[in-house]
Amino acid sequence: MEQILENSKTQMRRGVLEYCILLVLQKGDEYPSSIIQKLKDADLIVVEGTLYPLLVRLKNQGFLSYRWEESTQGPPRKYYSITPSGRVQLQELDASWKELTQSIDALKCQQE
């Protein structure tokens with residue numbers, strides 16, 4: 001039973017991960033390890049193998065761009081930033097999230 005719950009939680013997280021990445025990047029440019037840390041700080045456990053394909057997809061959709069920046073602590077880092085199209089997408093995801101949570105709240109209220 002616990003495994004089924006964990007699988008459900010994982011699927012829900014994956015469903016909102018694009019939204020969460022855009023939320024992180026709206027505050028400023030970040031490199032992947034930093035994005036992972038910010039998500040972990042918010043109790044969203046994400047591994048590199050999940051994050052990198054999403055970053056590539058968001059970049060290919062025009063929602064993110066990136067630049068290389070030299071690092072004092074190793075090789076150059078790839079910093080991602082949100083594009084104007086990404087900001088529009090984020091606004092649309094914000095609206096969708098609000099609709100979804102209102103619908104869920106309404107269903108919960110019906111059950112009380």
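**Figure 1. Sequence separation of contacts in the chain.** In this predicted model, 49% of the contacts between residues at least 6 apart in sequence join residues at least 24 apart. The chain has four helices and two strands, arranged along the sequence as α-α-α-β-β-α. Its C-alpha trace spans about 55 × 35 × 20 Å along the principal axes.

**Figure 2. The largest nonpolar core of the chain.** This core is made up of 21 residues. Ile21, Leu25, Ile35, Leu39, Leu51, Leu55 and Leu64 have the most contacts inside it. Two or more core residues come from each of α1 (2-26), α2 (32-41), α3 (48-60) and β2 (74-82). The greatest share is that of α1, with seven residues.

**Figure 3. Surroundings of Ile21.** Ile21 is among the core residues with the most contacts inside the core. Leaving aside residues up to four places away in sequence, Ile21 touches Leu51, Leu54, Leu55 and Leu58.

Figure 4. Gln89 lies in helix α4, which covers residues 84-111. Its relative accessible area is 17%, so Gln89 counts as buried, the limit being under 20%. Gln89 touches Glu18, Leu22 and Phe63, with residues up to four places away in sequence left out.

Figure 5. Of the 112 residues in the chain, 28% are buried.

Technical notes:
Residues are numbered from 1 along each chain as its sequence is written. This is a predicted model: local features need pLDDT of at least 70, side-chain atom pairs count only at pLDDT 80 or more; totals for chains, interfaces and linings use all residues. Side-chain values use heavy atoms; hydrogens and water are left out. A nonpolar core is a set of buried Ala, Val, Leu, Ile, Met, Phe, Trp, Tyr and Cys residues joined through side-chain atoms within 4.5 Å. Buried means under 20% relative accessible area, exposed over 50%, partly exposed in between (1.4 Å probe, protein chains only). Contact means heavy atoms within 4.5 Å.
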